[in-house]
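Welcome, and please load the model in your viewer. We will go from one selection to the next and look at what each side chain meets.

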Amino acid sequence: MSAALAALAASLCLATAASAGPVEDRIETSAARLSSGGTLTVGTSAIAARSLVPMIYERRGYRPAWDAPRLDVLLGEIDDAARDGLTPDDYHRADLRRMRAALDKAEGRSPDAIADRDIVATDALIGLAYHLYAGKVDPVRLDSKWNFTRTLDRQEAVDALLRVLDSGQIRPWLEHLRPRHPYYSTLRAELTSYRSLAARGGWPSIPAGPALKPGMRDARVPIVRARLAATGDLPPARRSGASDTSRVFDTALADAVRAFQRRHLLADDGTLGAGTVAAMNVPIRARVDQIRVNLERARWILHDLPDSFVIVNVAAFKTYLVAKGQAVWSARCQVGKEARQTPIFRDDMRYVVFNPTWTVPPGILAKDILPSLQRGDLGVLKRKRLKIIDRQGRVVSPGSVRWSQVRAASCPYTFRQDAGPDNALGRVKFMFPNRYSVYLHDTPSRDLFESPSRAFSSGCIRVERPLELAERVLKDPKWSAAAIGRTIDGGKTVTVNLRRPLPVLLLYWTAFPSGEGRRVGFARDIYGRDPPILRALGQAGGGARAAASR
């Protein structure tokens with residue numbers, strides 16, 4: 001090294017050393033403790049981002065980043081996290097408020113106080129940003145089938161945080177991290193609305209009694225009217241002072257009942273029966289929690305949606321086709337019964353089969369077919385029109401098999417139902433090969449679509465109007481509605497590959513935009529998936545997901 005370069009290097013080292021002070025020394029000491037695998041607690045705040053905090057401060061030369069205006073913005077954003085269904089105290093709110101109050105006092109100006117305040121604020125920002133972008137709860141811990149994977153690059157996260165700390169653009173950055181989707185913004189607005197309603201006392205409870213129909217008189221009618229007015233199902237324009245106290249179940253009230261029933265996926269008959277009363281009497285706090293749970297679900301997936309996809313909301317019994325970000329087709333569907341739940345996962349649809357045969361999947365074989373055969377009920381094969389085929393492809397007579405010795409895990413036979421109008425898969429199936437043997441298909445049980453609650457299948461999704469969906473996903477002039485009809489009528493099994501794989505998302509949302517004036521709709525939690533998420537949201541701090549990931 002030349003003498004000039006050596007002198008320059010020495011001057012830079014001296015300059016760096018001179019710029020460092022007791023605050024930087026304290027931050028560096030705390031960062032080193034975290035880097036070495038130690039823990040750090042400041043006040044009551046345990047620092048969760050044990051890898052990111054040291055990386056950030058090392059890149060900053062251990063300079064502090066937080067002055068009073070920035071702290072005020074951060075505290076405001078922490079408070080605002082409640083509107084996302086998150087818990088502000090998870091982000092060191094109490095300690096930061098105390099530190100902000102002490103900032104202009106002698107106790108808040110010591111090097112230790114400045115360093116501690118800075119680290120706590122940075123950790124709070126990291127935690128809030130992470131939860132807004134990825135969610136607080138780890139879905140994989142709740143469901144091993146979850147495969148909506150997301151990659152969070154640690155270095156990119158550090159670079160983004162450094163830019164924010166340098167620029168002070170805290171609020172715009174956090175807003176950018178929220179899912180930018182109407183689903184999320186609608187639920188977020190409705191959470192605020194329902195909490196405001198709860199603060200005003202919520203809604204009245206409807207007493208039990210006989211079913212009420214339009215035209216009837218009953219003492220409960222004014223209570224029903226008040227209940228529906230509280231949630232906007234009975235708009236002010238349809239009310240008057242006289243009608244509010246009337247005991248007559250009038251047309252305006254019947255319309256309001258129907259609106260409520262549609263939002264809660266009930267039969268919209270305008271009759272106030274036991275099911276509708278039960279839905280009306282769900283406590284408002286429970287509805288608030290339901291919205292919070294589904295905001296968390298939205299944070300898990302809404303950032304990385306493809307341009308076009310099929311989506312099934314299992315809890316709401318609804319299937320949608322989305323193209324270029326817009327829902328272009330929707331239909332009712334039937335999903336797995338509680339004992340045979342439709343799994344929640346993502347895969348790619350690759351081909352469509354017209355006039356499919358049906359091969360009994362392992363689960364149905366083990367739970368339904370073999371037990372019947374082992375009881376001596378060979379008639380189950382005739383009732384379900386099943387053929388038994390051995391490994392050489394030969395049809396086997398059921399009476400020639402000692403069924404008591406056959407086990408599902410090692411069964412040497414395939415049970416197949418030929419194509420036809422009564423085939424279990426109907427006229428078409430949509431294949432996205434997966435380890436659960438779950439797919440979308442037609443069904444001969446079309447009358448079941450009229451039921452408001454449609455958990456009838458053994459796990460697959462039975463789709464209403466499936467031929468329309470087939471035409472739309474194939475997107476090929478050769479497969480017009482007429483061509484599909486001719487293929488169905490021909491009776492031959494035909495497989496058609498999609499031009500490109502189409503993502504299929506099987507999701508579970510119990511609160512969602514209803515389409516009724518941008519208000520929230522609710523579905524019954526048929527699989528009991530909401531309580532574990534709610535419990536995890538209520539756990540103090542960032543939770544296992546955050547500690548492991550930051």
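A salt bridge here is a side-chain nitrogen of Lys or Arg within 4 Å of a carboxyl oxygen of Asp or Glu. This is a predicted model, where local features need pLDDT of at least 70, side-chain atom pairs count only at pLDDT 80 or more, and totals for chains, interfaces and linings use all residues. Residues are numbered from 1 along each chain as its sequence is written, and side-chain values use heavy atoms, with hydrogens and water left out.

Start by selecting aspartate 80 and arginine 188: they form a salt bridge whose closest N and O atoms are 2.8 Å apart. Aspartate 80 sits in helix 4 (residues 68-80) and arginine 188 in helix 10 (residues 182-199), so the pair ties together parts 108 residues apart in sequence. Helices are DSSP runs of H or I with at least four residues, and strands are E runs of at least two, numbered from the N terminus. Both aspartate 80 and arginine 188 are buried (buried: under 20% relative accessible area; exposed: over 50%; partly exposed: in between; 1.4 Å probe, protein chains only).

Next, pick arginine 499 and aspartate 476, a salt bridge with its closest N and O atoms 3.7 Å apart. Arginine 499 belongs to strand 15 (residues 494-507), while aspartate 476 is in the loop between helix 18 (466-474) and helix 19 (481-490). Arginine 499 is exposed at 61% relative accessible area, whereas aspartate 476 is buried at 17%.
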